[in-house]
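Open the model in your viewer and keep the selection tool at hand. The stops below say what to pick and what is there.

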Amino acid sequence: MSAAETRPEPVREPENWSPTSWQSFPALQQPTYRDTAALDAAKEELARLPPLVTSWEIFELKRQLAEAQEGKRFLLQGGDCAENFSDCESSIISNRLKVLLQMSVALVYGLRLPVIRVGRFAGQYAKPRSADTETRDGLTLPCYRGELVNGSEFTEATREPDPRRMIKAHARSAMTMNFVRALIEGGFADLHHPEYWDLEWMRHSPRAADYQHMISAIGNSVRFMETLSGTRIHNVNRVDFFTSHEALLLPYEECLTRQVPRQWGWFNLSTHFPWIGLRTANLDGAHVEYMRGLRNPIAVKVGASVTPDDLIRLIDRLNPEDEPGRLTLIHRMGRAGIAKGLPPLLEAVKREGRRVLWVADPMHGNTESTATGVKTRRFENVFGELELAFDLHAAVGTRLGGVHLELTGENVTECMGGARDLTETDLARAYRSAVDPRLNYEQSLELAMLIVRKRGALPVSI
Ligand code: PEP
Ligand code: CO
């Protein structure tokens, strides 16, 4: 997370916008806080707490995303569907970082492009839900909206939205961020020591040999360059790492929206890269209103039901000046829907000459339930959608500039398939997600290797 090297060109300040202007628009997916005095008190406290990121880092990410829009970088964005407060612990955080680092090395090596690493963490605590309430055995309670809002346990007390959770989420995000920063600064990402990223069970992975082969090839290249130049290459010691989350719970986001000295405008300083989820991306809704005023780079999820006209209007609203690096569109249509849904959108954006970064989320359009009601995804559909995404972009003459994944560094069994061919019976073994199923460590690394093979650039045999 380094400071900005360059300052972006100033663009105009958005009109009629303030961090609270969203309040006059319909806000979907918000909880009902019954104790409004407690909500006000929590907001007041949150607004005084320090931010989690800096404007320099935000500008640096925007600069890198602008380069990705020109095909000079590739975005890897990944992490849990939703973080849990109880997962804010050393090994879970470092394992997730290890997987993302390993995947990014595979992508850099194979795609011959620098990778922008963005975690879905340090703030990914709020979830959109399909219904406001849930009924079990005749008892109806508010739905679980993520740990930022309430708890998942089905009791009246736990499901009651509690504004104090915003304070706790801010603290857990800060702890997560602090640990990630310390690891990175301490040389955890050093390419001289890829063994730092080894995970216990990696030795048994069907992909281990490919990965080791690639890592030793990289090590040889680094040593070769060092011998050639007679000096140690230092800039392989550390990498930039950025954070992102769905900006869903607007009172929380509002309180972390700040001004900084010597810059105009407002920044969401709870994360580098907030995104708008599919369910809250309506043009006239509160989330679009809130996000249009930020100086952060922002992303929006795009589903198969969005029309080209809707999309262009959304782009106009969120990036009226066509600012480089500002807007990322994350399409998530499902393997079955992408061939029909995506090309008209790509064509419209191309025709209008709008500057966006196109990213594929091959997870959210491929969720299914087993006969016993377990939420899962098939690896073949995840990779299948991604392959189609690369091909569909190529056919239109646009570029797929990144991937957005739900993954974990833990050895969970939540998605089916992959090199070990996890089956429906395996799901029961280590299913830990309270929301969407994540790729486990092996499946994530395998996906990175397959992307590289798809791009035809991997010199090792996989
Ligand atoms: C998510 O990313 O976890 C999510 C809810 O995605 P979407 O908004 O695309 O449904
Ligand atoms: Co999800």
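**Stop one: the ligand**

Select ligand 1 and show what lies around it: Cys-81, Arg-120, Lys-127, Pro-128, Trp-275, Gly-277, Leu-278, Arg-279, Lys-301, Arg-332, His-364 and Glu-406 (a residue counts if one of its heavy atoms lies within 4 Å). This is a predicted model, in which local features need pLDDT of at least 70 and side-chain atom pairs count only at pLDDT 80 or more, while totals for chains, interfaces and linings use all residues. Residues are numbered from 1 along each chain as its sequence is written, chains are lettered from A and ligands numbered from 1 in the order in which they are written, and side-chain values use heavy atoms, with hydrogens and water left out.

Now pick Lys-127: a polar atom of its side chain is 2.7 Å from an oxygen atom of ligand 1. For Lys-301, an N or O atom of the side chain lies 2.8 Å from a ligand oxygen; for His-364 the corresponding distance is 2.9 Å. Ligand 1 taken alone exposes 290 Å², and the protein buries 97% of that (Shrake-Rupley method, 1.4 Å probe).

**Stop two: Thr-176**

Go to helix α5, residues 164-185, and select Thr-176 (helices are DSSP runs of H or I, at least four residues). Is Thr-176 buried or exposed? Thr-176 has a relative accessible area of 1%, so it is buried (under 20%; exposed is over 50%). Leaving out residues up to four places away in sequence, Thr-176 touches Glu-83, Cys-88, Ile-93, Arg-96, Phe-121 and Ala-122 (heavy atoms within 4.5 Å).

**Stop three: Ala-157**

Select Ala-157 in helix α4, residues 156-159. Ala-157 is exposed, because its relative accessible area is 66%.

Methods
Helices (H or I, at least four residues) and strands (E, at least two) are DSSP runs, numbered from the N terminus. Buried means under 20% relative accessible area, exposed over 50%, partly exposed in between (1.4 Å probe, protein chains only). A polar contact is a pair of N or O atoms within 3.5 Å; within protein, one must be able to donate a hydrogen and the other to accept it, and residues adjacent in sequence count only if both atoms are side-chain atoms.
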